[in-house]
Amino acid sequence: MKSGDIITCPHCGERTVVKTMKKFSGWQITGEVLACALCSAELGAPEKAASGSAARDRLAALLGGDDTEHVTLAPGEEHRRGCRNCIHLLEHPFKLLCGRTRREVEPMHVCPEFQDREKKEEKAK
Ligand SMILES: [Zn+2]
């Protein structure tokens, strides 16, 4: 049973919709219970499997595999090309300067002298 299910309530005998009710202890919410929308009788605890990681696991199973294989959204090397990742970039509070030309540059500008800053750092190690 879950919130939104249509059932015949064992308490009032009417066909009703299951709703989720917050349980209070004083002013504190202590949990949730399923309840009859008509008479508000408690119908039990909500299924834990319907939310969180269990649902995600089920979805993964549905898609034919575990979710150990994560899709990498890291863009390719081409995407790194641009003055923002260039070794020549000089960061200035209000603008980006190219240390080679001493001119202002756009972060996405791709110039023939582009050298990847991170690659250089890797080589230095
Ligand atoms: Zn009822």
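Q: pLDDT is the predictor's confidence in each residue, from 0 to 100; where in the protein chain is confidence lowest, and where is it highest?

A: Confidence is lowest in helix α1 (residues 52-62), with a mean of 67, and highest in strand β1 (residues 6-8), at 96. Helices (H or I, at least four residues) and strands (E, at least two) are DSSP runs, numbered from the N terminus. This is a predicted model, in which local features need pLDDT of at least 70 and side-chain atom pairs count only at pLDDT 80 or more, while totals for chains, interfaces and linings use all residues. Residues are numbered from 1 along each chain as its sequence is written.

Q: And what's the mean pLDDT for the protein chain?

A: The mean is 81, and 71% of the residues reach 70 or more. Where pLDDT is low, the predicted coordinates should not be read in detail.

Q: OK, what's the secondary structure, and in which order along the sequence?

A: The protein chain has 3 helices and 7 strands, which follow one another as β-β-β-β-α-α-β-β-β-α.

Q: How do β1, β2, β3 and β4 pair up?

A: These 4 strands form an open sheet in the order β1-β2-β3-β4, with antiparallel pairing, where two strands count as paired if DSSP finds at least two bridges between them. Because β1 and β4 stand at the edges with a single partner strand each, one side of each is left without a neighbour in the sheet. Between β1 and strand β2 (residues 15-25) there are 3 bridges, and T8 stands opposite R15 in β2.

Q: What about β5, β6 and β7?

A: Those 3 strands form an open, antiparallel sheet in the order β5-β6-β7. Here β5 (89-91) and β7 are the edge strands, each with a single partner, so one side of each has no neighbour in the sheet. Strands β6 and β7 are joined by 2 bridges, with L97 opposite E104 in β7.

Q: Changing topic, which residues make up the largest nonpolar core?

A: That core has 5 residues, namely V18, L34, A35, C36 and L43, and strand β3 (residues 28-36) contributes the largest share, 3 residues. A nonpolar core is a set of buried Ala, Val, Leu, Ile, Met, Phe, Trp, Tyr and Cys residues joined through C-beta atoms within 7 Å. A residue is buried if 20 or more other C-beta atoms lie within 10 Å of its own, exposed if 12 or fewer, and partly exposed in between, with C-beta atoms placed from the backbone. Buried residues make up 8% of the 125 residues in the protein chain.

Q: What is V18 in contact with, leaving aside its neighbours within four places in sequence?

A: V18 is in contact with M1, K2, S3, G4, D5, I7, L34 and L43, where contact requires the two C-beta atoms, placed from the backbone, to lie within 7 Å.

Q: Which residue in the loop between β3 and β4 is worth a look?

A: S40 lies in that loop, and its phi is near 65°, a positive value in a residue other than glycine. Most residues other than glycine have a negative phi. S40 is partly exposed, with 13 other C-beta atoms within 10 Å.

Q: And R102, is that exposed or buried?

A: R102 is exposed, with 8 other C-beta atoms within 10 Å. R102 sits in the loop between β6 (96-98) and β7 (104-105), and its phi, near 60°, is positive too.

Q: Last one: what does H109 touch, not counting residues up to four places away in sequence?

A: H109 touches G82 and C83. H109 and C83 are 26 residues apart in sequence and 5.5 Å apart in space, C-alpha to C-alpha. H109 lies in the loop between β7 and α3 (117-124).
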